[in-house]
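Colleague: I would like to learn how to read the contacts in a model like this one. Please start with the charged side chains.

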Amino acid sequence: MTEKQKIFADEYLIDLNATRAYKVAYPNVKKDGVARANASRLLTNANVKKYISDQMDQIHCDKIANAQEVMEYLTSVLRGESTGHEIVVEGVGEGMSEARMMEKKPSEKEKLKAAELLGRRYSLFTEKVEVSGSLEAEKTKLDDLIQQMRGGDG
């Protein structure tokens, strides 16, 4: 991949505007129509396509929390290990007040919510009970049991 193709690809990744990216990489091109056509052609170039795809994957990985990160965060909230920030207004005398930032541990409500989310993840709470087997088979077993209790008479 050439240096100009790399510049184009990097610029394209900013806002996905191929025409603008082409004009940055190739400043001699002034007409939008020419830039649009050439940018479209560049986006089909195998090297440029692969580079953009790899960069998008990297952005995706860096910006989006994975399952483990979410579970670790919820666990730290549940255990009271995380800290948040809250703005607190304090009186400083003569009817004056001052706002300041204060660190705080998770509240009981926040811990309970984290516990609930973790519990759902690990299926600790059953909202539905699944029953397997056939009702007819169980009815037959019950009928046989009743018949045995009566002394085996039909």
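Modeller: Arg20 forms a salt bridge with Glu11, and their closest N and O atoms are 2.8 Å apart. A salt bridge here is a side-chain nitrogen of Lys or Arg within 4 Å of a carboxyl oxygen of Asp or Glu. This is a predicted model, in which local features need pLDDT of at least 70, side-chain atom pairs count only at pLDDT 80 or more, and totals for chains, interfaces and linings use all residues. Residues are numbered from 1 along each chain as its sequence is written, and side-chain values use heavy atoms, with hydrogens and water left out.

Colleague: How many salt bridges does a search of the whole structure find?

Modeller: Side chains of opposite charge can pair when their charged atoms come close. The search of the whole structure finds 9 salt bridges. One of them joins Asp54 and Lys50, at 2.9 Å from N to O. Both residues lie in helix H4 (residues 46–63), 4 residues apart, about one turn of the helix. Helices are DSSP runs of H or I with at least four residues, numbered from the N terminus.

Colleague: Which side chain does Lys104 meet in a salt bridge?

Modeller: Lys104 meets Glu110, at 3.3 Å from N to O. Lys104 is partly exposed because its relative accessible area is 24%, and Glu110 is partly exposed at 37%. Elsewhere, salt bridges that share partners join Glu11, Asp15 and Arg20 into one network. Arg20 counts as partly exposed because its relative accessibility is 26%.

Colleague: How should I read the aromatic pairs?

Modeller: A pair of aromatic rings is described by the distance of the centres and the angle of the planes. Rings of Phe, Tyr and Trp (its six-membered ring) pair if their centres lie within 6.5 Å; planes under 30 degrees apart count as stacked, over 60 as edge-to-face and the rest as tilted. A search of the whole structure finds 3 aromatic pairs. Phe8 and Tyr12 form a stacked pair, with 6.1 Å centre to centre and 20° between the planes. Phe8 and Tyr12 are separated by about one helical turn because they are 4 residues apart in helix H1 (residues 3–15). Phe8 and Tyr12 are buried.

Colleague: What do Tyr22 and Tyr26 form?

Modeller: Tyr22 and Tyr26 form a stacked aromatic pair, 4.4 Å centre to centre with 20° between the planes. Tyr22 counts as buried because its relative accessibility is 9%. Phe8, Tyr12, Tyr22 and Tyr26 form one aromatic cluster.

Colleague: Where does Arg121 lie?

Modeller: Arg121 lies over the face of Tyr122, at 5.0 Å from the ring centre. A charge sits over a ring if NZ of Lys or CZ of Arg is within 6 Å of the ring centre and within 35 degrees of the ring normal.

Colleague: Which elements have the lowest and the highest mean pLDDT?

Modeller: pLDDT is the predictor's confidence in each residue, from 0 to 100. Among the elements of the protein, H7 has the lowest mean (76) and helix H2 (residues 18–25) the highest (96). The protein averages 87, and 90% of the residues score at least 70.

Key:
Helices (H or I, at least four residues) and strands (E, at least two) are DSSP runs, numbered from the N terminus. Buried means under 20% relative accessible area, exposed over 50%, partly exposed in between (1.4 Å probe, protein chains only).
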